[in-house]
Amino acid sequence: MTMRALGVAIGWLAGSVLRVRRAHVEAAMVRAGVADAKGTAVRMYRALGVALVAFLRGRPLPAIDEEPLAAAIARGPVVLFASHTGNWELAAAAAARLLAARGRRLSVVAKPMSTRWIDRLLARLRARLGVHVIAPEGALAAAGRALAAGDVVAMPIDQVPDRPGLAVRFLGARAVVDRAPAIVAWRSRATVLVIGATEGRASVLDVIPARSCSDRAGLWIDAAARRATAALEDFVRREPASWMWLHRRWRDLSPLAAQANRGPWKTRSSSRAGASAAG
């Protein structure tokens, strides 16, 4: 059995035999207006299985849009608004390799896994691929230090935050978006690249220019979060099997929902980044 066939088999087992969150995935796709939700769900699970095997092997690395990344680096600090699309772990590795050739490092905000041996395995694989990990606790300050040291920082934008966020419409339903990536970009005056990936390529979906001196913090942060979420939604609608629909992205979190959009965001009020990990 080839490695790709093994990945397809793992995806089939998870999605069609064990049916891991299968009802949730199909319901979310139907609500978002995805054509052939059942078939798209099968392709998504297959893609996840193939991505898992590829990540464990550390190859093949996807192609990556080098030109917009190089242009952004030339202008100053860069924050990547990442997503759980394609093989996001190998996309990070591809970006890390590209940056290493330029004397830079990629630092990714990633939540520890609850199962210790899996977390240790992920840590070893990421280190082997040249990806530096920032823990969510204290991530706003740590990300700022990494940017000041010349790193490019990646933060996920497609999971429910652990703290009050920004309420938006995403793929047919209300969702709460984490402001932390935009706060990091605001503080560091960073250019934002919104990233989406398929199995073989990581693409820049949008470039959000660094804030100017005349921009107001709360307005710029919320506008950047909305713009990035809209770019990701457009990508997922074009490539629905490439996004990990298993996340309970729209779950009802009353404290978050009650406080979302309540007044201007205080950019100095917290040192914890609320988004979950890439991985």
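Start with helix α5, residues 88-100. This helix has 13 residues and reaches 18 Å from its first C-alpha to its last, close to the 18 Å expected at 1.5 Å a residue. The model you have open is predicted.

How many of its 13 residues are buried? The count is 11, and α5 is mostly covered.

Next, select R59 and P60. A cis peptide bond joins them, with omega at about 0°. P60 lies in the loop between α3 (37-57) and β1 (63-64).

Now go to L171, in the loop between β6 (166-170) and β7 (173-177). Its phi is positive, about 55°, although L171 is not a glycine. Is L171 buried or exposed? L171 is buried, with a relative accessible area of 1%.

Move on to R189. Find R189 in the loop between α8 (180-188) and β8 (191-197). R189 also has a positive phi, near 55°, and is a residue other than glycine.

Finish on the surface. Select R21, K111, R248 and R251 together: they gather in a patch of positive charge. Zoom in on R251, in the loop between α9 (217-238) and α10 (254-259). R251 is partly exposed, with a relative accessible area of 43%.

Conventions. Residues are numbered from 1 along each chain as its sequence is written. This is a predicted model: local features need pLDDT of at least 70, side-chain atom pairs count only at pLDDT 80 or more; totals for chains, interfaces and linings use all residues. Side-chain values use heavy atoms; hydrogens and water are left out. Patches are made of residues with over 30% relative accessible area and no salt bridge: like charges are joined within 9 Å, nonpolar side chains (Val, Leu, Ile, Met, Phe, Trp, Tyr) within 5 Å. Accessible areas come from the Shrake-Rupley method with a 1.4 Å probe; for residues, only the protein chains shown count as cover. A salt bridge is a side-chain nitrogen of Lys or Arg within 4 Å of a carboxyl oxygen of Asp or Glu. Lys and Arg count as positive and Asp and Glu as negative; His and the chain ends are not counted. The place of a charge is taken as NZ of Lys, CZ of Arg, CG of Asp or CD of Glu. Helices (H or I, at least four residues) and strands (E, at least two) are DSSP runs, numbered from the N terminus. Buried means under 20% relative accessible area, exposed over 50%, partly exposed in between (1.4 Å probe, protein chains only). The expected span of a helix is 1.5 Å times one less than its number of residues.
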